[in-house]
Amino acid sequence: MMHLSEKVLAALPPRPPPGLHLPLVWNPSDHEFEPKELWLHLVACQSVLASHGERRWMLDREMFPLVLSKGAIVLQPVQRATYGVMVWALLVIGVQMAQRYPMPQAIPTLSTTVSAEGILMGYIKILKPLTGISPVAESEKAGSGLTSAMTAPRRNSSDLSLLTADTGSQPCGEDPNLVVHYRFTNQSLKPGQVFTAFLSSNVFCSDHEEKSRHDVSMVAHSSDRRVSIQLKGVEFGAGVDQLSWRLARVALRELWQGVVMAFQYDLGGFAREPRWESLSFRLEYRAVTVGQGSLGGA
């Protein structure tokens, strides 16, 4: 009988929950969002949920504020809902969003139930801007988690030229020991391909967060499977892999928000338009290379 190593198993794509079903209801007459804001936050919110691992029960409502429009993404579990199911649900929402409202079309509010194996597990809503209510005050835990996820190091105005360069380094706002070094490689990609590839990478991280501390190896595909994010840990000494799945998830979120989307939380917006291009990247932790990867044609 053939036995697969943990590293080989880690590279296999996760399987969706059996019978996962989300009947999305879009409401264009209610409110429409700028697409890059909603895409930015959907990946960040999914990353925060993925930090809990796949199997942990989700017991409380999570409410994530949309920083620019003051709308919110709300997840309400009902019964037997796990964080893994909700991470998959956000992937499904993102795939349908990219197909139905491709960049640069505005995206309306939506609501949906989340079911798996014929059981209602919860609700997800993207709400229009709230008046008189602070999303962070409504859910301090979720709000602070998203703020941590969206925080980037402060830059001087003279540093902004680096954000348009083909090569650069992106310090991580959540973990100051982590730096993402990147190089754009000038292959044009479709926005929806890049967006759904990052959503898929969070599913990998959720699936492996509590299964294996290290042995990071992934090929996360876009919804059309023509673009992928590839990431591998770098081994040291006697095969010791220094890249954890937690660190991989944080690094990919930094790559998405700081490099691809160029969102600067302390500046209150986007430093430039997103770059929908192929790139290679290297992850450095405490001045040691711990991982390397690429975004590009599968």
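**Figure 1. Overview of the protein.** In the protein, residues 24 or more positions apart account for 74% of the contacts with a separation of 6 or more, where contact means heavy atoms within 4.5 Å. The model is predicted: local features need pLDDT of at least 70, side-chain atom pairs count only at pLDDT 80 or more, and totals for chains, interfaces and linings use all residues. Residues are numbered from 1 along each chain as its sequence is written, and side-chain values use heavy atoms, with hydrogens and water left out. The secondary structure comes to seven helices and 15 strands; helices (H or I, at least four residues) and strands (E, at least two) are DSSP runs, numbered from the N terminus. Of the 298 residues, 51% are buried. Buried means under 20% relative accessible area, exposed over 50%, and partly exposed in between, with a 1.4 Å probe and protein chains only.

**Figure 2. Helix α7 and its surroundings.** Helix α7 covers residues 245-260, which is 16 residues. From the first C-alpha to the last, α7 reaches 21 Å, close to the 22 Å expected at 1.5 Å a residue; the expected span is 1.5 Å times one less than the number of residues. Why is α7 described as largely enclosed by the rest of the structure? The reason is that 15 of its 16 residues are buried. Just after α7, A262 takes a positive phi of about 55 degrees.

**Figure 3. W256 and the largest nonpolar core.** A nonpolar core is a set of buried Ala, Val, Leu, Ile, Met, Phe, Trp, Tyr and Cys residues joined through side-chain atoms within 4.5 Å. The largest one has 80 residues, and those touching the most other members are L75, I93, M97, F198, L231, W256 and F281. Helix α3 (residues 83-100) gives the most to this core, with 12 residues. In soluble globular proteins, nonpolar side chains tend to be buried together. With neighbours within four places in sequence left aside, W256 is in contact with W39, L40, V43, V194, F195, F198, M261 and W276.

Figure 4. Two strands pair if DSSP finds at least two bridges between them.

**Figure 5. Strands β3, β4 and β5.** Strand β5 (residues 119-127) pairs with β3 (residues 72-77) in the antiparallel sense over six bridges. In this pairing, I73 stands opposite I126 in β5. Strand β4 (residues 107-116) also pairs with β5 in the antiparallel sense, over seven bridges. The bridge partner of S111 in β5 is K125. The hairpin of β4 and β5 has two residues between the strands, and E117 takes a positive phi near 55 degrees there.

**Figure 6. Salt bridges.** A salt bridge is a side-chain nitrogen of Lys or Arg within 4 Å of a carboxyl oxygen of Asp or Glu. How many salt bridges does a search of the whole structure find? The search finds eight. One of them joins D166 and R275, whose closest N and O atoms are 2.8 Å apart. This pair links distant parts of the chain, 109 residues apart: D166 is in the loop between α5 (140-150) and β6, and R275 is in the loop between β13 (269-270) and β14. D166 is partly exposed at 36% relative accessible area, whereas R275 is buried at 12%. E34 and K36 form another salt bridge, with the closest N and O atoms 3.8 Å apart. E34 has 42% relative accessibility and so counts as partly exposed; K36 has 9% and so counts as buried. E34, K36 and E273 are linked in a network of salt bridges.
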